[in-house]
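Please open the structure in the viewer and keep the sequence at hand.

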Amino acid sequence: MKTLYTAVVTTTGGREGYVTSDDGILDMKLSMPKELGGKGGDNTNPEQLFAAAYSASYSSALKVVAGKHDIDLGDYSVTATVEIGKPEEGGMVLSVILDAYLPEASVETGEMLVNEAYEICPYSRATEDNIDVTLNLMLAEDEEE
């Protein structure tokens with residue numbers, strides 16, 4: 001692999017600790033959600049950071065695929081929902097739902113874009129066969145009927 005960019009982030013104190021990037025741009029406190037036994041609070045958590053990263057990466061992959069097919073995405077967005085839970089066999093696992101809102105796309109075009117973007121997204125590739133990922137195509141209301 002030819003490295004194009006390297007991100008370096010250090011966490012101290014785990015889920016109720018602090019994260020900082022080597023360039024100082026990311027510099028924030030973490031709080032464990034109440035649902036996981038923490039106090040909650042006004043700080044972010046690893047699942048929110050992962051959802052932000054995955055939705056941004058997948059959104060960029062959609063843009064690349066649309067450009068390849070000369071398709072205008074219009075005012076599109078991607079929402080990532082990251083869930084953490086305990087499977088019966090123990091431990092903790094993540095699952096992700098990616099809602100791709102493509103108001104300018106037809107169902108056929110939207111499905112093609114969503115699936116092709118999943119294939120090239122580095123986060124999708126990194127989590128393949130490790131995390132359950134659900135892809136949802138969200139269209140303008142008049143297209144859904």
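In which sense do strand E5 and E6 pair, and over how many bridges? Select residues 93–101, which form strand E5, together with E6: the two pair in the parallel sense over seven bridges. Please bear in mind throughout that this is a predicted model. Within this pair, select Ser95; Asp132 in E6 stands opposite Ser95.

The three strands now shown form an open sheet with mixed pairing, in the order E4-E5-E6. Strand E4 (77–85) and strand E6 (132–138) are at the edges; each has a single partner strand, so one side of each is left without a neighbour in the sheet. From one strand to the next, the twist averages 15°.

Now turn to the helices. Select residues 46–68 to display helix H1, which lies across E4, E5 and E6 and runs at about 145° to E4. Then select residues 107–120: this is helix H2, lying across E5 and E6 and running at about 150° to E6.

The last stops are in two loops. Select Asp70, in the loop between H1 and E4. Its phi is near 55°, a positive value in a residue other than glycine. Is Asp70 buried or exposed? The relative accessibility of Asp70 is 72%, and exposed means over 50%, so Asp70 counts as exposed.

Finally, select Asp129, in the loop between helix H3 (122–127) and E6. Phi of Asp129 is near 65°, again a positive value in a residue other than glycine. With 78% relative accessibility, Asp129 counts as exposed.

Methods: Residues numbered from 1 in each chain as written. Predicted model: local features only at pLDDT ≥ 70, side-chain atom pairs only at ≥ 80, totals over all residues. Heavy atoms only, no water. Pairing = 2+ DSSP bridges. Helix = DSSP H or I, 4+ residues; strand = E, 2+ residues; numbered from the N terminus. Axes fitted to C-alpha atoms, helices over the stretch in contact; angles between N-to-C directions. Contact = heavy atoms within 4.5 Å. Buried < 20%, exposed > 50% of the residue type's maximum accessible area, 1.4 Å probe, protein only.
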